[in-house]
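Let's take a friendly tour of a protein model, one topic at a time. Have the structure open and follow along as residues come up.

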Amino acid sequence: MVKKGRKSPQDESHRISTTDDIEVSTYLEIAKEIGGEQPTVTEEAVSGAKREAIIVLDFGSQYNLLIARRVRESQVYCELLPHDTPWEKIAPLNPRGFILSGGPASVYAQNAPLAPSYVYESGLPVLGICYGMQVITKQLGGQVKPGTKREYGHAVMHISQVDSPLFAGLPESTPVWMSHGDKIDELPPDFVSLAYTENSPNAVIGDGKGIFGLQFHPEVVHTPEGKTILKNFIYRVCGCQGNWTIGNFVNESIQRIREQVGDGSVINALSGGVDSSVVATLIHRAIGDQLTCIFVNNGLLRREEADRTLKVFKNNLGMNIVYKDATDRFLDRLKGVVDPEEKRKIIGEEFIRVFEEEAKRIGKVDFLAQGTLYPDVIESVSSVSTASAKIKSHHNVGGLPAKMVLTLLEPLRYLFKDEVRLVGKELGLPEEMVWRQPFPGPGLAIRCIGEVTREKLEILRSADFILMNEIKKAKMYNQLWQSFCVLTDVRSVGVMGDYRTYGYLAAVRAVTSDDAMTADWARLPYDLLARISNRIVNEVDGVNRVVYDITSKPPSTIEWE
Ligand code: XMP
């Protein structure tokens, strides 16, 4: 049993010393191999406002990133870290409280992951969620037993201790989302039950001194008051101030980029997508002409995309841009290639070559900027999550010049996608850029089924242009995660006027999603689908049939290749 080192939730005297200084974490990682060559890269991350933080210790639940998001939405900085992270890595973040996440393990199993002793000895408040609650129970001297039946799904929580700070503003009964097998058989000393459900007498437990456990998941939307419970924990129990705002993030990032870069020079691969656009704008705001963006046109972009991107960044924002039209090189290498993975590999490799050539022309370069986001960081450090099978290799833009030692500048590495959009907005990027739907690095090549030819690309561009035009006119663009056309390799017979046609089959894909991990096909209105289909068949030479993709992810993926 671990000893608790606390008097009351806000008692400062028992805290292991933390610092209010904002620390720049340094990492050394070898960049992911993209294509053949393996560059050597040193990385010094640029972090944002970290004056106070809630630390989520990761025990492997699929909902963990959501917990961090919910805390950030409450304007408190939050990091999701492996459950066995040493205190030395946590102290500089100035933690105000811990959340122990859910997870797939069972605390009575051999080698079950547990919380480090500093969690209890620090005197900081702790909130255990699901498995996290069982960890607290076990480590503080209670008993966890396998439940006779698994409780999964909706339940109604009834509050028995209404004056608990965790329940401020909550009705006495509220729906919660359960997902657990094990149950608490005996509470640890000092703990009492604060709320119950039909199957769980201990739906919420607490020790009256800042340690709480929830048997349900407050982070999912199926627990409608979950956000209030988390907010109560963050503000009423941990005493956070709420200084995580986008304005603060922008100001502090600019300051930090200036300090880190000094009079060095930075290159950035600009793609016109949200992440690379926001990175470029933020760094440009900080160091102006010390930044050069390299924009490689791979010939696989949507219609008017290259011009639009150049216009915004070169003309409107006045950035140094090296524009390289490498269409011929990419299309030559793609000749005769039909395998999706092969296409991706070729495009990734070719991108690195072109980027490297252009970077060499610039001369001395010290830093490479990248639009790495928090979910990418988590994916690479999570201690519990097991490696998942490779479905598709993603060649994100941002290839690294081989054989050059560059320091990575990743000012967005602590942000979620929606926060990146807010940063873009704060920096004054045009709305249409900030709310742009994601576009894959390999571009239209993975939406052109079979061999990629100039002729097929032009047909696809024309159909896609009509689709996007109609989606925007119907004011649906921002509601959709992605919408695009796919040109299949299937041809079918049709009739136009008095003539028989034999043309391509085009598919329309439109999905809703929060994070691209899962997606649902969008229920577009029939009238809109009819307009899209009519216009494509009438205006695009070579297409005589349009179908709408009504599969969700899983089992499909968003892109067709
Ligand atoms: P899938 O097709 O796997 O796609 O459901 C999930 C999300 O990722 C995008 N995607 C890519 N993005 N490089 C990228 O930068 C890629 O190679 C790539 N492949 C897919 C896709 O558009 C969707 O948003």
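Glutamate 304 is partly exposed, with a relative accessible area of 46%; here buried means under 20% relative accessible area, exposed means over 50%, and partly exposed is in between, using a 1.4 Å probe and protein chains only. This is a predicted model, where local features need pLDDT of at least 70 and side-chain atom pairs count only at pLDDT 80 or more, while totals for chains, interfaces and linings use all residues. Residues are numbered from 1 along each chain as its sequence is written, and side-chain values use heavy atoms, with hydrogens and water left out.

**Backbone angles in two loops**

- Glutamate 304 sits in the loop between strand E13 (291-297) and helix H8 (305-316); helices (H or I, at least four residues) and strands (E, at least two) are DSSP runs, numbered from the N terminus.
- The phi of glutamate 304 is near 70 degrees, which is a positive value in a residue other than glycine.
- Lysine 475 also is not a glycine, yet has a positive phi of about 55 degrees.
- You can find lysine 475 in the loop between helix H14 (454-473) and strand E17 (482-496), where lysine 475 is exposed, with a relative accessible area of 66%.

**Cis peptide bonds**

- Which residue does lysine 553 join through a cis peptide bond? The partner is proline 554, and omega is near -20 degrees.
- The bond from proline 554 to proline 555 is cis too, with omega near 15 degrees.
- Proline 554 lies in the segment after strand E20 (543-548), and proline 555 is also placed in the segment after E20.

**Two buried residues**

- Is arginine 447 buried or exposed? Arginine 447 is buried, with a relative accessible area of 0%, and belongs to the loop between helix H13 (431-434) and H14.
- Setting aside neighbours within four places in sequence, arginine 447 has contacts (heavy atoms within 4.5 Å) that include Arg302, Phe439, Gln482, Phe484 and Glu559.
- Leucine 460 is another contact of arginine 447; the two are 13 residues apart along the chain, and their C-alpha atoms are separated by 8.2 Å.
- Threonine 327 lies in helix H9 (residues 327-334) and is buried, with a relative accessible area of 16%.
- Not counting residues up to four places away in sequence, threonine 327 touches Asn297, Asn298, Gly299 and Arg454.

**Nonpolar cores**

- The largest nonpolar core has 109 residues; such a core is a set of buried Ala, Val, Leu, Ile, Met, Phe, Trp, Tyr and Cys residues joined through side-chain atoms within 4.5 Å.
- Helix H7 (residues 274-287) gives the most to this core, with eight residues.
- Domain 1 (52-237) and domain 2 (246-434) both give residues to this core, so it lies between them; the domain bounds come from an automatic or database domain assignment.
- Apart from this core lies another, of 52 residues, among them Leu368, Ala463, Ile471 and Leu480.
- Met157 is one of the residues with the most contacts inside the largest core.
- Beyond its neighbours within four places in sequence, methionine 157 is in contact with residues including Phe167, Leu170, Val176, Tyr196, Phe216 and Ile229.
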